[in-house]
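Dear colleague,

Please find the structure below, followed by a summary of what was found in it.

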Amino acid sequence: MHEAGNTPAGHSRDDSEDAAMPVPRTRRAARGAWGLGVLAAAMLLGASLPGNAAAAQRHPAPAARATAAHAPECIQPGSAWLDPRFYWRNVFGTRLGEGVIHESSSPNPFGGRIAPGSTFTFRWRPETTRNPVGAQYHVHRVNLASVMAVADVESVSGPGSLAGTTLSAQETPPQKLGDTVVRFRIRTGTEGRTASLSSADHSLTTRWLFTNINNLWENTGSISFTVASRASLGCDSSSVLG
């Protein structure tokens, strides 16, 4: 039985519930459609933004490319050079063989100053001028850690290879090695720092018969350059080389 006071005239309780149902369903459907629209827009936005950012990284703006490609050179060349000489001797002090490490830079920053963004090439060629009898090959190395602390390596060409900060090459006499050429670009933010290269940065391993023999260095020394600001070098920032 239904209580008369709780039921409107002319309607049963079941009729009232059925008539009220379509309104919530319609509202829920509207809210669901609105939510789907927002989700779709968010997905499209999320998919487009990373792609555009990646494209911008792969294809920098023309102005940025031009600046990187035409960075002005600024250097006050020096005249310092270092050609370490090495030799081998037996227990009696008799010299068994010798050689030299040919090194040069162009333009030469050693003994001078160079500004960030500027480049120079370092040429390196070990040469055994007289090979000890029985020596099979020599592995030459030079540690470029000090230079690489202020400069980035842009390229390496020639018989040598660069692993970490060590440049190395194997020489098998009587064959001669060609030049290994390393191109450096001075890193931004290194003004005031000094880079050096010394005889102690060089090492040599010689394979003789079934063992390794040690060499001695005939001359010792060190050369260096300083990274300086363009203003201190008097460079015109508006002049572009290359």
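Strands here are DSSP runs of E at least two residues long, and helices would be runs of H or I of at least four residues, numbered from the N terminus; two strands pair if DSSP finds at least two bridges between them. This is a predicted model, in which local features need pLDDT of at least 70 and side-chain atom pairs count only at pLDDT 80 or more, while totals for chains, interfaces and linings use all residues. Residues are numbered from 1 along each chain as its sequence is written, and side-chain values use heavy atoms, with hydrogens and water left out.

The hairpin of β2 and β3 has five residues between its strands, and G93 in the turn has a positive phi of about 90°. Strand β2 (residues 85-89) runs antiparallel to β3 (residues 95-106), and five bridges join them. Within β3, G97 is the bridge partner of W88. On to the next pairing: nine bridges connect β3 with strand β5 (residues 119-130), again in the antiparallel sense. There, S105 has F122 in β5 as its bridge partner.

An open sheet is formed by five strands in the order β8-β9-β6-β12-β13, with antiparallel pairing. Because β8 (161-163) and β13 (211-213) each have a single partner strand, they stand at the edges, and one side of each is left without a neighbour in the sheet. On average, neighbouring strands of this sheet are turned by 30° against each other, direction ignored (axes are lines fitted to C-alpha atoms, for helices over the stretch in contact, and angles run from 0 to 180 degrees between N-to-C directions). Within the sheet, β6 (residues 135-143) and β9 (residues 166-171) are antiparallel and joined by six bridges, with R141 opposite S168 in β9.

A further open sheet has four strands in the order β1-β4-β15-β11, and its pairing is mixed. Its edges are β1 (75-76) and β11 (194-198); each has a single partner strand, so one side of each lacks a neighbour in the sheet. Strands β4 (residues 113-114) and β15 (residues 222-227) pair in the parallel sense over two bridges, and I114 stands opposite V227 in β15.

Finally, T180 lies in strand β10 (residues 180-186). With 1% relative accessibility, T180 counts as buried (under 20% relative accessible area, with exposed over 50% and partly exposed in between, using a 1.4 Å probe and protein chains only). A polar atom of the T180 side chain lies 2.8 Å from the backbone nitrogen of G160. Leaving aside residues up to four places away in sequence, T180 touches residues including F122, W124, V156, G160 and L167 (contact means heavy atoms within 4.5 Å).

With kind regards

Technical notes. Polar contact = N/O pair within 3.5 Å; in protein donor to acceptor, adjacent residues only side chain to side chain.
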